[in-house]
Amino acid sequence: EFGWSAYYDVDDMYAYLRNMSARYPAWAAPVVGGRSYEGREILGLRVRNPGAARQPAIFIESGIHAEEWITSATITYFINELLTSNDPNMTALRDNFDWHIFPLVNPDGYHYSMSNDVMWRKTRSRSPNGCFGADPNRNWDYKWDLALNASSDPCDNRYTGSQPFSEVETRTLASYITAVENLQAYLAFHSNAQMLLVPYSDSKEHLDNYHDLIQVGKATLEYGRRVNGEKYDGVGTAAEMLYPASGGSMDWVRHTLRTPLVYTWELRGWALPCWPAARIPEQGDEVTQMIHGLTVEARKLGYL
Ligand code: 0X9
Ligand code: ZN
């Protein structure tokens with residue numbers, strides 16, 4: 001039985017997604033966002049109001065880094081709240097948006113992290129020199145060749161891949177995202193720097209709606225803080241808050257698709273991936289409230 005007091009491997013997580021779509025067939029359907037090097041699906045759930053016409057779409061990407069288990073556990077927790085809760089904040093979320101939720105976009109790496117090497121981060125593609133995998137958050141086709149906080153060495157943990165979108169996971173997911181109609185928000189989940197990041201990651205350049213993103217982001221973190229009193233370090237570009245990095249998903253989405261609201265969460269945690277399973281619901285509740293808060297605050301500024 002799937003739940004939130006343990007971490008689950010790919011097959012169990014996917015069974016849970018299929019099970020939820022079977023329980024709520026009018027509202028939820030499994031969607032395939034791409035495929036992996038080892039032939040797994042990138043499985044997600046589309047949740048939308050069967051009685052509504054076109055709604056703003058929100059895309060959730062989680063588990064791109066294989067060892068960041070807490071992100072996938074947190075997002076399946078959110079799915080559970082979204083589909084089963086009678087809290088009016090949750091019913092508003094499921095009534096008003098077209099959700100594309102992918103708790104695990106790097107299934108090969110995650111399975112390898114669970115079964116062989118807890119610190120595994122990358123995909124599992126084979127390089128000619130015998131090393132495995134590229135960093136799927138350095139492989140997207142935006143500023144890829146800057147290779148900031150990245151390496152051209154296939155044995156490095158932050159290998160860019162041999163070319164932009166060399167990894168089938170990022171390539172196929174990008175084409176899925178491109179086809180999402182009316183995409184208004186893209187939310188990516190990592191751990192564990194405890195901050196909220198906005199594009200772009202490669203420079204300190206600020207977007208035209210930077211101030212809106214910061215205002216909504218700060219308010220969003222307050223919704224999370226009210227749950228357990230846990231404070232995040234703040235909101236800003238990766239270049240200013242963390243380190244400059246290039247080839248990441250959120251920058252590609254913002255630049256290529258012009259999606260207005262794009263954020264990357266760095267969840268809480270300590271030494272990866274050892275956030276204790278017994279404390280998954282803590283971050284599940286915080287993130288659920290933050291996603292709710294983000295929609296409320298963004299709407300105040302005319303988004304969504
Ligand atoms: O380095 C990363 O990819 C992320 N940090 S992590 O420790 N989880 O690896 C930060 C991502 C922010 N930058 C981009 N989205 N480009
Ligand atoms: Zn990460």
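How many nonpolar, polar and charged residues make up the shell around ligand 1? In this predicted model, the shell has six nonpolar, six polar and one charged residues. In total, 13 residues surround the ligand. The closest are N137, H190, S201, A238 and G248.

The UniProt record, an unreviewed entry, lists E266 under "active site". E266 lies in strand β8, which spans residues 261-267. A residue counts as buried if 20 or more other C-beta atoms lie within 10 Å of its own. E266 has 22 such neighbours and is therefore buried. Leaving aside residues up to four places away in sequence, E266 touches H190, S191, N192, A193, Q194, M195 and L197. One of these contacts, H190, is also among the residues closest to ligand 1.

Two of the residues touched by E266, S191 and N192, are joined by a cis peptide bond. Its omega is about 10°. N192 sits in the loop between β5 and β6. Y200 belongs to the loop between β6 and α6. Most peptide bonds are trans.

Backbone phi angles give further local detail. Most residues other than glycine have a negative phi. K143 is not a glycine, yet its phi is positive, at about 55°. This residue lies in the loop between α4 and α5. K143 counts as buried because 21 C-beta neighbours fall inside 10 Å. L304 also has a positive phi of about 55° and is not a glycine. L304 is found in the segment after α9. With 21 other C-beta atoms within 10 Å, L304 is therefore buried. R258, which follows α8, has a positive phi near 60°.

Helix α8 itself covers residues 249-257. Within this helix, S249, M250, D251, W252, V253 and R254 are buried. The buried residues of α8 pack against β3, α5, β5 and β8. Strand β8 is the element that holds E266.

Helix packing was examined for α1 and α2. Two packed helices are described by the angle between their axes and the distance between the axes. Helix α1 (residues 10-23) and helix α2 (residues 69-84) pack at an angle of about 10°. Their axes are 12 Å apart. Angles under 35 degrees count as roughly parallel, so α1 and α2 are roughly parallel to each other. From α1, M13, Y16 and M20 take part in the contact. They meet S72, T76, I79 and L83 of α2. The contact residues comprise five nonpolar, two polar and no charged.

Technical notes: Residues are numbered from 1 along each chain as its sequence is written. Chains are lettered from A and ligands numbered from 1 in the order in which they are written. This is a predicted model: local features need pLDDT of at least 70, side-chain atom pairs count only at pLDDT 80 or more; totals for chains, interfaces and linings use all residues. A residue is near a molecule or strand if its C-beta atom, placed from the backbone, lies within 6 Å of it. Ala, Val, Leu, Ile, Met, Phe, Trp, Tyr, Cys and Pro count as nonpolar, Asp, Glu, Lys and Arg as charged, and the others, Gly among them, as polar. UniProt positions are given in the numbering used here, feature names are shortened, and annotations may be inferred rather than shown by experiment. Helices (H or I, at least four residues) and strands (E, at least two) are DSSP runs, numbered from the N terminus. A residue is buried if 20 or more other C-beta atoms lie within 10 Å of its own, exposed if 12 or fewer, and partly exposed in between; C-beta atoms are placed from the backbone. Two residues are in contact if their C-beta atoms, placed from the backbone, lie within 7 Å. Axes are lines fitted to C-alpha atoms, for helices over the stretch in contact, and angles run from 0 to 180 degrees between N-to-C directions. Angles under 35 degrees count as roughly parallel, over 145 as roughly antiparallel, 65 to 115 as roughly perpendicular and the rest as oblique.
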